[in-house]
Amino acid sequence: MDDNVIKLVENQFDVVYDLAEFEQELKELEVFSPAKTHIQSLVAKIATSENLDLEVRLDAARILCETSDIFPFFFEMEGGHEILQQIIKEKMRDRIRH
C-alpha cells in the first residue's frame, strides 16, 4: 500500500510548475518576511536535490539569487560588489578543499 501512495504523489508533483509559482510568490512577498524565508527554503531544497535534473536545480538556484533580499545591499553600498565577489571566491575555494 505504501508504494501506491508514493507513486500517486510522484505522479502529481510538477517541480517546474512549483518553481514558477514559488518565483512569482517570492517577487510579491515582503522583504525578510517569514513567508518569504519559508518559500526560499523550499526552493533551496529543490536546488540541492540530487534526484532532479540539473536544469531544474540551476533554475531553482537562479530563483534564489534573483529573489534574495541580501544581494541588493551589496550593490547599493560602495565596494559591495567587490565584497560579494570575494565571498564567492572564498566559498569556491572552500568547496574545492572539501
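A crossing counts as left-handed if the near helix is turned anticlockwise from the far one by less than a right angle, and as right-handed if clockwise. I wanted that written down before looking at helix pairs.

**Entry 1: ground rules**

I am working on a predicted model, where local features need pLDDT of at least 70, side-chain atom pairs count only at pLDDT 80 or more, and totals for chains, interfaces and linings use all residues. Residues are numbered from 1 along each chain as its sequence is written, and side-chain values use heavy atoms, with hydrogens and water left out.

**Entry 2: the overall count**

I looked up the secondary structure and got six helices and zero strands. Helices (H or I, at least four residues) and strands (E, at least two) are DSSP runs, numbered from the N terminus. Along the sequence the pattern reads α-α-α-α-α-α.

Next came burial: of the 98 residues in the chain, 23% are buried. Buried means under 20% relative accessible area, exposed means over 50%, and partly exposed is in between (1.4 Å probe, protein chains only).

I also checked contacts, meaning heavy atoms within 4.5 Å. Among contacts in the chain with a separation of 6 or more, 41% come from residues 24 or more positions apart.

**Entry 3: H3 against H4**

How do the axes of H3 and H4 cross? For helix H3 (residues 34-47) and helix H4 (residues 54-66), they come within 8 Å and cross at roughly 150°. The axes are lines fitted to C-alpha atoms, for helices over the stretch in contact, with angles from 0 to 180 degrees between N-to-C directions. H3 and H4 are therefore roughly antiparallel. My cut-offs for that: under 35 degrees is roughly parallel, over 145 roughly antiparallel, 65 to 115 roughly perpendicular, and the rest oblique.

The H3 and H4 crossing is left-handed. On the H3 side, the contact is made by Gln 40, Val 43, Ala 44, Ile 46 and Ala 47. H4 brings Val 56, Arg 57, Ala 60, Ala 61, Ile 63 and Leu 64. Sorted by class, the H3 and H4 contact has nine nonpolar residues, one polar and one charged. The classes are Ala, Val, Leu, Ile, Met, Phe, Trp, Tyr, Cys and Pro as nonpolar, Asp, Glu, Lys and Arg as charged, and the others, Gly among them, as polar.

**Entry 4: H2 against H3**

The crossing of H2 and H3 is left-handed.

Val 15, Leu 19, Phe 22, Glu 25 and Leu 26 of H2 meet Lys 36, Ile 39, Gln 40, Leu 42, Val 43 and Ile 46 of H3.

**Entry 5: the loop between H2 and H3**

Leu 29 sits in the loop between helix H2 (15-28) and H3. Leu 29 counts as partly exposed at 27% relative accessibility. Leaving out residues up to four places away in sequence, Leu 29 touches Ala 35, Lys 36 and Ile 39. For Leu 29 and Ile 39, ten residues apart in sequence, I get 9.9 Å from C-alpha to C-alpha.

Phe 32 is in the loop between H2 and H3 too. Its phi is near 60°, a positive value in a residue other than glycine. Most residues other than glycine have a negative phi.

**Entry 6: salt bridges**

How many salt bridges does the structure hold? I find five, with the cut-off being a side-chain nitrogen of Lys or Arg within 4 Å of a carboxyl oxygen of Asp or Glu.

One of them joins the side chains of Asp 69 and Lys 36, at 2.5 Å from N to O. Asp 69 is in the loop between H4 and helix H5 (71-76) and Lys 36 is in helix H3, so the pair ties together parts 33 residues apart in sequence. Asp 69 is buried at 10% relative accessibility, and Lys 36 is buried at 6%.

Then Arg 62, which has a salt bridge with Asp 59, closest N and O atoms 2.7 Å apart. Arg 62 and Asp 59 are three residues apart in helix H4, about one turn of the helix. Arg 62 is partly exposed at 30% relative accessibility, and Asp 59 is partly exposed at 28%.

Arg 62 also forms a salt bridge with Glu 66, with 2.6 Å between the closest N and O atoms. Glu 66 is exposed at 52% relative accessibility.
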